[in-house]
Amino acid sequence: MTATVTPHPAGSRRLFGELDHDDTRRGRLAAVHEDMLGAAGQHQLSALREERLRRRAGLRHLGPNWFATVMGTGIVGNAAATLPLQFPGLRGAATVVWVLAALLLVMLSSAWVVQWVRFPGSARDHWNHPVMSQFFGAPPMALLTVGAGTLLLGRDVIGLSAALTVDWVLWSAGTALGLLTACVIPYRMFTHHHVEPNAAFGGWLMPVVPPMVSAGMGALLVPYVPAGQLQLTMIVLCLAMFGMSLFAALVTITMIWSRLVHYGIPETGMVPTLWLVLGPLGQSITAAGLLANAAPAALPDLYAKGLTVFSVIFGVVTWGFAMLWLALAVAVTAKTARAGTLKFNLTWWGFTFPLGTCISGSTILYSHTGANLFAAAAVALYIVLVGAWAVVAVRTARGLLAGTLLRPAPVTA
């Protein structure tokens with residue numbers, strides 16, 4: 001049998017071993033190689049190589065925005081845990097969703113670490129990108145969301161002691177990262193990026209909202225902190241983070257409103273980010289209510305009662321504005337959809353977590369006021385949330401399998 005000798009790529013040499021430079025031996029090895037693999041084997045090997053290259057390219061372009069999938073999934077479970085309307089099977093289903101969010105967090109965190117190690121240039125590109133860098137607020141919020149779910153739902157599976165340990169670890173890591181993004185990302189916007197007058201979009205809220213999430217999720221941990229100075233310090237820090245995030249978010253929301261008035265609705269790919277405004281609104285209502293619940297154990301009676309009053313007044317007023325923004329976001333999204341230009345991308349996860357914060361905010365207002373309006377709103381919004389999450393999750397899975405979602409972020413000025 002006469003074999004035609006072709007040079008092997010470096011990858012093949014590493015796979016099958018280095019070949020001798022003797023022509024006769026090379027031909028003999030090539031013939032054996034062909035006989036062993038055959039046409040089907042060669043095709044399979046080629047397919048495996050292509051798949052490895054595709055996965056490697058996808059890992060290179062994995063951005064922090066992917067952690068929005070953890071946030072959006074986790075809030076579905078967390079919101080169900082305290083929903084005013086409870087029915088058999090709801091808590092079990094919510095626990096399954098928490099497990100899914102936890103698995104997503106582990107997988108994405110692992111992939112992100114590998115990316116920083118193997119492709120530091122791509123990771124730095126995300127950090128320097130004027131749009132993608134805003135989504136560095138997503139990883140800390142993902143940690144905080146799964147941590148809260150562990151305490152609310154995971155305790156049924158792993159026990160209270162283990163749930164507290166996991167929550168403390170995730171809350172501490174998420175809070176540290178969130179405080180870092182809240183300071184560093186705006187600083188880099190001030191000093192590093194050239195920002196056009198019409199550049200404001202909902203993603204600008206991502207770096208400054210994590211401290212608000214920390215404030216609300218930290219309130220759940222206050223009862224488990226030793227009484228005295230430690231407990232007092234914990235709730236005071238949560239209140240400080242509440243204020244830090246609230247004022248930064250209000251400034252940013254004002255800029256987004258101004259951008260909409262002066263320049264109209266953003267390009268279609270950015271339309272779902274308008275829903276991100278609901279995030280700090282709903283989360284601030286939730287955080288104020290949860291801190292009021294935790295206050296009697298840590299604060300003097302006068303301040304505890306005052307915080308309860310504040311949480312209701314602030315919550316109702318902010319809830320009203322959140323409903324206004326929700327109506328505007330729905331109208332703009334519907335207009336874009338009717339025009340046939342609302343194409344799927346990862347910003348669609350903006351339909352989930354922000355809406356979930358409005359559900360938890362409505363739930364906490366119902367628990368403090370007893371007003372059925374808030375209970376009805378929480379249940380109605382939760383139905384919408386589940387539907388939105390199902391649609392976005394399925395489309396994300398399809399896009400991931402097709403490889404269309406793991407592409408480099410477009411360069412902008």
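In which helix is Leu 381 found?

A: In this predicted model, Leu 381 is found in helix H13, which covers residues 372–402. Because its relative accessible area is 11%, and buried means under 20%, Leu 381 counts as buried. When its neighbours within four places in sequence are left aside, the residues in contact with Leu 381 are Met 323, Leu 326, Leu 355, Cys 358 and Ile 359. One of these, Leu 355, is 26 residues away from Leu 381 in sequence, while the two C-alpha atoms are 7.3 Å apart in space.

Charged pairs give another view of the model. Two salt bridges are present in the structure. In one of them, the side chains of Asp 301 and Lys 305 meet at 3.2 Å, N to O, and both residues belong to helix H11 (residues 301–338), where they sit four residues apart, about one turn of the helix. Asp 301 counts as exposed, because its relative accessibility is 51%, and Lys 305 is likewise exposed, at 53%. A salt bridge also joins the side chains of Arg 91 and Asp 156, at 2.5 Å, N to O. That pair links distant parts of the chain, with Arg 91 in helix H4 (residues 90–118) and Asp 156 in helix H6 (residues 138–158), 65 residues apart. Arg 91 itself, at 32% relative accessibility, counts as partly exposed.

Terms used:
Residues numbered from 1 in each chain as written. Predicted model: local features only at pLDDT ≥ 70, side-chain atom pairs only at ≥ 80, totals over all residues. Heavy atoms only, no water. Helix = DSSP H or I, 4+ residues; strand = E, 2+ residues; numbered from the N terminus. Buried < 20%, exposed > 50% of the residue type's maximum accessible area, 1.4 Å probe, protein only. Contact = heavy atoms within 4.5 Å. Salt bridge = Lys/Arg side-chain N within 4 Å of Asp/Glu carboxyl O.
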